[in-house]
Amino acid sequence: MSRRQRTILIADFELPRGAVTIEQLMAMPRAGWEHLRSQINLRRREDRSRPLARCRICEGGIFIRAQADRESHIPMYAHYPEVSRTCPWYEGNNLRPDDARAAQYQGHQESALHRRLCSTIEQLVQADPRCTHTSVNTYLRSEIHKRGRWPDIFADLGESGRFAFEVQLSKPFAPEIAARHLHYDAEGIALVWIFNALEHPMPQGFHDVVAMQRGNAFVFDDEAETVSIERETLVLKCFMENGQGGWREPRLVMLDDLHTGSGRSVFVEDCRSKALRQRCKEKRSRWWDATKLARKDRPNSPEYSHHFEDVWYDMKAGIPGLGEWERDFWIERSHRARAHAVVLYAILCSVAHSAAADRPILHITKFCGESAILSMLNSKLSGFEFKHCASLIEAFVGATSLSGLLEKASLHRFIAQAKQTEVQIDQDHPLWRVMARLFPEVLDGLVRAELADLGQLPDWASPRLGGRTAAE
Ligand SMILES: [Zn+2]
């Protein structure tokens with residue numbers, strides 16, 4: 001960071017996210033912290049009294065500020081203006097959002113370019129035969145009008161949906177973005193943000209819009225205008241994230257290409273969820289590849305195979321304390337921590353794969369039949385070796401579609417006994433963190449919450465409530 005300043009070091013997010021330190025925040029990929037930032041702003045709009053994230057010291061509501069840094073942005077925590085300035089982590093004279101908005105919006109309101117773009121877009125949408133009604137700068141201004149919002153275009157395309165277009169030339173403010181998404185979502189209107197060009201580096205406000213649109217940016221430039229006129233309908237240039245911090249070759253899209261049925265977001269292709277799901281599988285698939293090689297190498301004791309060396313080394317490089325725990329484990333149990341972790345991975349993999357397939361698929365022990373998973377878990381938890389992981393296994397099973405297993409008396413008893421007799425590893429323990437990296441959909445609160453927000457939690461990682469249909 002270029003300047004020294006006091007800052008919030010730990011934020012406590014509502015569960016399941018939990019504590020997120022400033023170091024964790026700054027180490028996140030842009031998509032990760034932008035998602036948090038959007039969620040904080042949405043909550044702020046919905047219920048000011050219940051901030052999604054709080055300062056660890058003063059418990060006041062906080063948000064994520066994107067601090068410009070050469071080509072990019074650094075996410076920082078900041079207190080909302082109403083919180084106590086006596087907090088030792090208070091960052092000093094913050095630009096209050098209202099002042100900032102006033103300063104920015106001044107003079108832009110009457111922008112001739114903006115007016116021209118609005119009326120051009122309106123005319124193009126009107127050319128669509130399905131269009132029954134349009135308006136510029138008059139519709140649905142009720143609530144946010146008071147806050148000095150930019151004019152927008154409203155278009156009713158009958159069965160194809162109702163659209164609000166926001167033509168955004170200057171950078172929008174995060175609270176405004178959240179406000180509009182909530183507002184239009186409640187009205188059943190698809191909100192599409194239209195830029196005139198993509199700046200580089202892109203201001204944070206634009207990044208926030210792109211985050212809301214799941215990695216899509218819509219641009220109405222000269223080319224889009226020309227094609228729109230040819231096709232006699234609105235055509236937008238859609239930029240989609242390439243997953244490496246850049247854009248793919250843009251596509252020209254029409255309103256029919258937009259997905260509008262996924263909550264607050266409008267997009268052509270959901271680039272964020274796909275990348276997030278991909279990230280979730282990355283480490284796990286490397287362990288799975290190692291498992292396959294290990295089984296060939298040592299059919300009777302694959303966990304001791306050298307094929308796990310690389311993936312284990314990787315974990316040790318990324319998880320503080322894992323190497324230390326490995327040494328302690330050897331001293332306590334005369335057993336290799338790596339082999340122990342591999343077996344635990346096989347146990348959890350069995351649960352995950354069985355949950356996904358809806359039938360038992362075991363990668364450890366030789367139980368078969370309907371209740372093979374239950375028998376496997378019972379046998380593992382009744383022995384000494386995995387008693388210290390009872391809480392972890394319980395949390396894992398409980399977050400999958402096999403959550404009903406926890407109601408089985410036998411498993412319930414073995415978990416209770418294990419907890420009574422052995423100190424349990426918790427989520428800060430290196431072994432738990434290894435498993436959280438392998439199964440982030442289940443064990444990483446941040447990833448799990450983001451997937452849930454996007455409606456992308458895999459079925460196998462969603463607890464089945466009750467487990468019975470209403471008819472039974
Ligand atoms: Zn504070």
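This is a predicted model: local features need pLDDT of at least 70, side-chain atom pairs count only at pLDDT 80 or more; totals for chains, interfaces and linings use all residues.
Okay, one definition before we start: a residue is buried under 20% relative accessible area, exposed over 50%, and partly exposed in between.

What about disulfides? Searching the whole structure turns up zero of them. For C271, the nearest cysteine sulfur belongs to C238, and that sulfur is 7.4 Å away, so no disulfide there, given that the pair would have to be within 2.5 Å.

Now, over to the helices. Helix α9 covers residues 271-297, and helix α16 covers residues 430-438. The two pack with their axes 7 Å apart, at an angle of about 105°. That makes α9 roughly perpendicular to α16, because 65 to 115 degrees is the range for that label.

Who's touching whom? On the α9 side you've got C280, K283, R284 and W287, and they meet V434, R437 and L438 from α16. Sort the residues of that contact by class and you get four nonpolar and three charged, with no polar ones.

Let me zoom out to finish. The protein has 18 helices and 14 strands. It runs to 472 residues, and 51% of them count as buried. If you take contacts between residues at least 6 apart in sequence, 61% join residues at least 24 apart. As for the surface, the protein exposes about 23100 Å², with carbon and sulfur atoms supplying 49% of that.

Notes: Residues are numbered from 1 along each chain as its sequence is written. Side-chain values use heavy atoms; hydrogens and water are left out. Axes are lines fitted to C-alpha atoms, for helices over the stretch in contact, and angles run from 0 to 180 degrees between N-to-C directions. Helices (H or I, at least four residues) and strands (E, at least two) are DSSP runs, numbered from the N terminus. Angles under 35 degrees count as roughly parallel, over 145 as roughly antiparallel, 65 to 115 as roughly perpendicular and the rest as oblique. Contact means heavy atoms within 4.5 Å. Ala, Val, Leu, Ile, Met, Phe, Trp, Tyr, Cys and Pro count as nonpolar, Asp, Glu, Lys and Arg as charged, and the others, Gly among them, as polar. Buried means under 20% relative accessible area, exposed over 50%, partly exposed in between (1.4 Å probe, protein chains only). Accessible areas come from the Shrake-Rupley method with a 1.4 Å probe; for residues, only the protein chains shown count as cover.
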